[in-house]
Amino acid sequence: MKTPYEVLGVSPTATPEEIKLAYRSLAKKFHPDINPGKKDTELRFKEINAANELIGTPEQRQKYDEAEANAKIEQSARAQARNRSDPYYQQTQGSGSRYNEAFEGMDEDMFRSIFSGMGGGFGRSSGDRPGEDAFYKLEISFKDSILGSETEITLPGGKKLSVKIPAGVVSGSKLRFAGHGSKGAGKAAAGNAYVELVVTPSKLFRRKEFDLEIDVPVSLAEAVLGAEVKVPTIDGQVLMKIPAGFTEGVRLRIPGKGVLNPASGKKGDQLVLPKVNFPAMTDEEFKKAVRAWQIRQPQEVRAAWPGSQSESST
Amino acid sequence: MTRTLKTIHITEIEIITGLDRETIALFITREWIRPYSDDLLDEEDVARIRLIQDLKNQFNANDDSIPIILHLMDQLYALRNRVSCEDEINPFLRLSQGKN
């Protein structure tokens, strides 16, 4: 357990000025509003405050030194945490917070905005209050999520919004429509409307980042002899060559039929997994042919399989 | 999904922050905080009061610098929210708009 001197990084013989200086320096460094989202810094900040409470003034320090109560620092930190159950300022400043919302529509001229209305005011009267943001969900098809599309939605107030769905979006992507939320009070700006996209899963395709995966059933004959089969892609069918004697789990690639990668500007690929549909094994002629083939071409398929080495090697 | 914050009566805020009503009223007059009403604040207002206290007590900020700091912090948080929002959306939007 650290002593308050250790927490503040000063020696037990430090002068009151040195302690004060160390405390101020650490409090500035670890203040939660300067380190948003860092839990450990918040704890450290509380610890620093707790240490300062114990040795920050000559009287408190004397008491502490006399009692040599190392345990008090932890107790005090716990008390701090209890006292400070309310959030730090940065924790209240997410999207939709009232104080930073005034700058939501802030454009390129940031400095003019900074220095206008700085005399404690915020460039508007206290009766002005920005409108609230509105949140909506829009269900879109898998195809629209991959290729993009345009649609129109009607907001509860009857206002229509033209929504352009960019190619390659995933469920949870949000589109922002500035000024389409609730009206602001007084001269304040209206809130924004946010449309969260919910993608309906496809029965055919599985998205793997920027590739699209699809299973294609093939017959035993097609698997053995190879074939050309029509394969659906996200934007139409293509004729694809299935190679003779492909191995189980193979992924055949159709380049450029996947999802647009916004970083590279290129599309991913479509991956085709052929799945062999074995016929009902009742045909005597087929069985006879396989038996004859087996005699000619015996296969040791489990020779290299770890399962055949010994019972203990699991 | 709209955020609603718990409102807190001024008497409770006096206990939480250790400030008297007159000081809180002064913060309101100076527009350092802008509550819904003078005696009903929310968590965001309380957090802002505590930030002002920290600025004054731990950072030695004087009364003239408080509004400047608050103003800059508000802009910073607004920008941070905007950037995090655009990070999520706009890589797609920009490309889509660029192509059309």
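View 1. A:N52 has a relative accessible area of 17%, so it counts as buried (under 20% relative accessible area; exposed is over 50% and partly exposed lies in between, with a 1.4 Å probe and protein chains only). This is a predicted model, in which local features need pLDDT of at least 70, side-chain atom pairs count only at pLDDT 80 or more, and totals for chains, interfaces and linings use all residues. Residues are numbered from 1 along each chain as its sequence is written, chains are lettered from A and ligands numbered from 1 in the order in which they are written, and side-chain values use heavy atoms, leaving out hydrogens and water. A:N52 belongs to helix α3 of chain A (helices are DSSP runs of H or I with at least four residues, strands are E runs of at least two, and both are numbered from the N terminus). Leaving aside residues up to four places away in sequence, A:N52 touches A:L8, A:Y23 and A:Q60 (contact means heavy atoms within 4.5 Å).

**View 2. Helix α3(A) crosses helix α4(A).** The axes of α3 (residues 39-55) and α4 (residues 58-67) of chain A come within 5 Å and cross at roughly 90° (axes are lines fitted to C-alpha atoms, for helices over the stretch in contact, with angles from 0 to 180 degrees between N-to-C directions). α3(A) is therefore roughly perpendicular to α4(A), a term for angles of 65 to 115 degrees. On the α3(A) side, the contact is made by A:N52, A:E53, A:L54 and A:I55, and they meet A:Q60, A:R61 and A:Y64 of α4(A).

View 3. Look for strand β8 (residues 227-233) and strand β9 (residues 236-242) of chain A, which pair in the antiparallel sense over seven bridges (strands pair if DSSP finds at least two bridges between them). One bridge to follow by eye is that of A:K230, whose partner in β9(A) is A:L239.

**View 4. An open sheet of four strands.** In chain A, the strand order is β6-β7-β11-β10, with mixed pairing. β6 (205-208) and β10 (252-254) of chain A stand at the edges with a single partner strand each, so one side of each has no neighbour in the sheet. Neighbouring strands here are turned by 35° against each other on average, direction ignored. β6(A) runs antiparallel to β7(A) (residues 211-219), joined by four bridges; A:K208 has A:D211 as its bridge partner in β7(A).

Terms used:
Parallel < 35°, antiparallel > 145°, perpendicular 65-115°, else oblique.
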